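Hello! Here is the structure I promised to pass on to you. Have a look at it first, and then read my notes below.

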Amino acid sequence: MTETSRNSLNRDTCGSHPLGKGLRPSFHALWHLPEGRLGVVKDLTHFESADWEEASTADKPVRVAIIDTPIAHDHPNLQGAIDLGLMRDFSLSPAGAFVLPRLDPTDFPDDDESRQNLKTTIEQKNLENEPLGKRILAEIHGPDTDPPHIIPGAHGTALAGLIGARPARVCLRKPDYHEIDKRCSIVGAQELPYCGINPFCRIVPISIGAGPDPDMLAGALDYAYLIDADIVVIADSWDRPDDWHRHDGWRRVETVFLKLCRQSRVFCAAGNEPADALVYPAALARKPGKDVRDTGPWAVGACTLDGKDLSYSPNWQAINGNGHRMIRTLSTEHSRYDREVGARLDPWEIVDEELGRPPGDPDFPPHDIISTDVPGPAGYNPSVYDHTPGAGGEHYEIASLYCRFSGTSAATAIAAGLVSLAMQSGKSPGQGRADPGATLFDLGTAARLVCHY
Amino acid sequence: MTATQADPPGKAKYTEYREILTAAKLIATDTRIEVQGDGYNSLRAALRAYEQEDPDISDTERVNKLVEKVGAFLDRSLDTPSAFGGGKLHKSLHKSLHKSLHKSLHKAFADGGAVQVATGGLAWPTIEVPWRELGLLYKARDRHNWDRLPLEPPPAVDDRMAEIPRLRALQEKLRLPENAWRRRRIEIEAGNDLTAYMLPLGADVTSPGSQTAVMFQTILWLGSLIGLVYKARFNASRPHVLDPALEPYIPVPAYSSYPSNHAFQSYLIAEVFARAVPEHPGLPALFRAAGEVAENREWAGLHVASDTAAGRRLARLCGPLFEEILKDQIRVVRAEWLGEGASR
């Protein structure tokens, strides 16, 4: 054993050194929330938040629509966050179907009220004979139908958690590892201290499939418009053909999308295109100007705490130079390693030969964004047990409830969560009207966006 | 920090949320995530109750072993922060690596590069008859109604006839020298070769994506069976029956025309892979490749466009079914792309 490796072992057993296993120190899963970061809570000890307090007493919650994979609405941290009455799937038909066709008003009064209000909206707007309105009314008034066969996806579930997860408790059971364990059932309550940015909002999952079907996309966008969502999250890229102008379906997607942007605040992931371009539909984001009537959505890129682009995110200056508007907020991974950003983490500069550990850098955050995952053996972080706990059911473990999340998708969810909290808490925008894309998009910047843009 | 009687419901929630957040912490490390806090005390209490109340335990040694075993487990968790219920935390997809892959894929497809490469089929892992998955498929029939999915019947014969002139035009173009590569692809794809689906994902002979190839083979197997159910139901005539002047480029299978099984299987592969690794940057390219395989059957004179559209529609309807019956394969495929071992 080399001297270096002995030293590293000693360091790992010494109490004064960082906790954690592997090559990285441990970190709090909600590290992004306190002041100095996103500014949602004061600290991670007491979790005081004037904005949460204001949001908790708001007349009505902000409605956030997520157009993505189906969301695991049974996730314990998403109980109460998901509007079960409006949750709708478009992956199997252009007019969609309610994920839960029948809701008991006694058990789900708020969700049932949402659905009844939707029915009233369709009738008031005379949409009974439009394909979407007709289909929805048929489902509400018609005979019981089977729910659509959809399976929750990890991507949508992670988006929902970052935006609106609530702290919760679950029933945890120690698994029977041995015959003798069966004599002693050990069950206890376990806190799940995870929280989204706005745990008082209501999320409407609008699920779509991965295939770029314009009819499906137009149906989902129509629905987001119909339910009058305050915020719409599209952390996805839609691969439309180069000759899309020749296709009625794609022309309709563009029309409905821009109409939606005029009604709601729409946040789209900037995606992984070349550094100076955005994916579609984020590419429809435009800076306001006399020649630009439709400013479209807000594109969302990813940056470090000090506003440096992350390695995979489009370059902010180039995007803005091309006439787009883009904001940037936190996500997982390190900033670019180039002459502009400077040396952050140089994997070739090894100080620990045994572990391959590079030198620490105070500016390099070892944290990943953590969010909610599909419970059980599916999802980004699958359980080791072939057991999917239902709503209120017992859990054998809690790890599968959470996952690392990254990309401009995570940044988009964070931006949407911040704006939803700023709207619901009536947060003051403060002085000035700074460009919200210029620095890390935090709660204060979100308030300015809500007020001025 | 408890809610007072005067607290409105919303404010009580705020108080409750803070109680939970301050009582315990969710801590992530390199490979694990766990709750640190005192929630485990209720488990210790449960153990004590068991020791005092279970009248059937008479074997002292056995009880001691139990207490020692569980107690050690509890102490380990209570003396240090509680880790009960915690577990593995997988790494997320490495975004910057995938961005590079994504760019190269786009470039390859824009230049026709990948298309050119795909004109020679590569050697992919093959499988025997997937008996286990076949069993799961048939067990799931009543639950998913996969033999009664709402697939529209084919268009009327006149409408199908109206699709024929396009096939005649494609037939002429296929004979041109510059379409030699497409002729070669049609020949390769007649045998359900995987090259068209694997290259968009970045898999080649140097990184063969074995688990992914195995899953794709399984999808081809199962998809073929489902497609034949619908072909038999609608019994639609092949294009060369509608118009005997058509000369299909390859032998026409004995099955009827609607829906196109190649379109169905290709899009099904894309749909299932999109559910397995939803953030894979090659997904758009995979869907496009699926479309090319499907369209090549029209070039070959085997299907009209409405057959292709029906195959794609059937693939979407079958997505949830396949996600369920292939859940074990999906787990290892995800592990393959995330660069980690399967979780169990």
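**What I found**

In chain A, strand β10, helix α8 (residues 316-321) and strand β11 form a right-handed β-α-β unit. Please keep in mind that this is a predicted model.

The two strands of that unit also pair directly: β10(A) (residues 298-302) and β11(A) run parallel and are joined by 4 bridges. One example to look for is A:A302, whose bridge partner in β11(A) is A:T329.

Which way do the residues of β11(A) point? A:M326 and A:R328 face one way from the strand (residues 326-329), while A:I327 and A:T329 face the other, and all are buried.

Now step back to the whole sheet. It is an open sheet of 8 strands in chain A, with mixed pairing and the order β4-β3-β7-β2-β8-β9-β10-β11. Because β4 (97-98) and β11 of chain A are at the edges and have a single partner strand each, one side of each has no neighbour in the sheet.

Elsewhere in this sheet, β2(A) (residues 63-68) and β7(A) (residues 202-207) pair in the parallel sense over 6 bridges. There, A:D68 has A:S207 in β7(A) as its bridge partner.

A word on confidence: chain A has a mean pLDDT of 86, and 84% of its residues reach 70 or more. Over residues 1-16 of chain A, however, pLDDT stays under 50.

Finally, chain B has 17 helices and 3 strands. Of its 344 residues, 43% count as buried.

Enjoy exploring!

Technical notes: Residues numbered from 1 in each chain as written. Chains lettered and ligands numbered in written order. Predicted model: local features only at pLDDT ≥ 70, side-chain atom pairs only at ≥ 80, totals over all residues. Buried ≥ 20, exposed ≤ 12 C-beta atoms within 10 Å, placed from the backbone. pLDDT = per-residue confidence, 0-100. Contact = placed C-beta atoms within 7 Å. Pairing = 2+ DSSP bridges. Right-handed = clockwise from strand over helix to strand, strands pointing away.
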